[in-house]
Amino acid sequence: MALTNEIVQQKLVEKFGDQLTHWEEPFGMLTFTAPKEINLKVLQFLYDDETLQFQFLTDLCAVHYPDKKGEEIAMVYTVHNLAKNIRVRLKVYTDAEKTEVFTTSALYEAANWMERETYDFYGVNFIGHPNLKRIMNVDEMDYFPLRKEYPLEDQTRIDKDDAMFGRDGRGI
Amino acid sequence: MRPVRFNNTPKEALISTSLQVAELPDGHQGDGFFASKLSDVIGLARKNSIWPLPFATSCCGIEFMATMGSHYDLARFGSERVGFSPRQCDLLMVMGTIAKKMGPVLRQVYLQMAEPRWVIAVGACASSGGIFDTYSVLQGIDQVIPVDVYVPGCPPRPEAIIEGVMRIQDLVQNESMRRRNTEHYKALLNSYGIE
């Protein structure tokens, strides 16, 4: 029997009830939001359940929404059931000041590097991660460059201070 | 009639017009002797046997490949021997975007070169970061190593790279033999944190 979005949603609601919100299906991909405290429980259930079997972590990344107060950083997990070829997207929101989220690196080996990358660019603090340090940027970097409060341009640069390069004194 | 009109009127090569010989430095000569300054002779020798070390990371490196090819032929300037070991080379040619994470690597390559050494920054990225005005890209290699000649362009044409090499040749020929021992030069290296 083919695994459909309806079955997945029904299973998840049976298990977690009202905690899971914002159900939608953009381009046919089941997407929902969970409180950040139970991100690991939801993923573990998706992994272990006999009918669900979402055992492949396709992607894990963050998105910064500076206008959403209290839930500025969205963590997006995309998991894949390779046997049935169906994907599910889980979103978890967290405060930009308190970014503690449980690591999924014990569940998915692939999460190790992806979480390091997410920490590197967004400063998400993954609790329990075995080696949470920068992976892409230089070790000396003291900020998280893909957060929106940091302009794209290199701010250490002093020779480009004209309006053409976006440095007309306005700041961001 | 040949179908293609290439080389159907070959010219006789004249050694007097087709062979370029390096110019003699100033000096006195007579029967069987030539007297000149040692520094001029060394400058002449160094100038015409520069071993380049290509540090090519992006599209400027492709232009350099054209420069080394038979059409533009950097070998005409005595630089056909491209070395891939920094310890044997005289001229570090940095061609392409240098990410901040690549900075220490570039610096290490520079430190492994023996004196006297020269550096040429080819293209906008190596010279100033170019269009990559962003958190991950080094804004010009002169932030980590001293640079002798900058070649502008994005990427520069092979003619421009050759022009840069010729400017390096001028520096090599005219550099004082004692320059690398001066306090001024040591202060320059110290400003980059190199002892």
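A word on the model before we start: it is predicted, so local features need pLDDT of at least 70 and side-chain atom pairs count only at pLDDT 80 or more, while totals for chains, interfaces and linings use all residues. Residues are numbered from 1 along each chain as its sequence is written, and chains are lettered from A in the order in which they are written.

Let's begin with chain B as a whole. It has 7 helices and 6 strands, where helices (H or I, at least four residues) and strands (E, at least two) are DSSP runs numbered from the N terminus. Along the sequence, the order is α-β-β-α-β-α-β-α-β-α-β-α-α. The C-alpha trace of chain B spans about 60 × 55 × 25 Å along its principal axes. Of the 195 residues in chain B, 30% are buried, that is, with 20 or more other C-beta atoms within 10 Å of their own; 12 or fewer is exposed, and in between is partly exposed, with C-beta atoms placed from the backbone.

Now, which residues have the most contacts inside the largest nonpolar core? They are Leu92(B), Met93(B), Val94(B), Ile120(B) and Val122(B), in a core of 36 residues. Such a core is a set of buried Ala, Val, Leu, Ile, Met, Phe, Trp, Tyr and Cys residues joined through C-beta atoms within 7 Å. Elements of chain B that each supply at least two residues include strand S4 (91–95), strand S5 (118–122) and H6. Apart from this core lies another, of 31 residues, with Leu12(A) and Phe144(A) among them.

Next, a helix pair. The axes of H3 (residues 59–68) and H6 (residues 158–174) of chain B come within 9 Å and cross at roughly 75°; axes are lines fitted to C-alpha atoms, for helices over the stretch in contact, with angles from 0 to 180 degrees between N-to-C directions. H3(B) is therefore roughly perpendicular to H6(B), the word for 65 to 115 degrees; under 35 is roughly parallel, over 145 roughly antiparallel, and the rest oblique.

Last stop: Met29(A), in the loop between strand S1 (21–24) and strand S2 (30–34) of chain A. Met29(A) counts as partly exposed because it has 13 C-beta neighbours inside 10 Å. Leaving out residues up to four places away in sequence, Met29(A) touches Arg87(A) and Arg89(A).

Technical notes. Contact = placed C-beta atoms within 7 Å.
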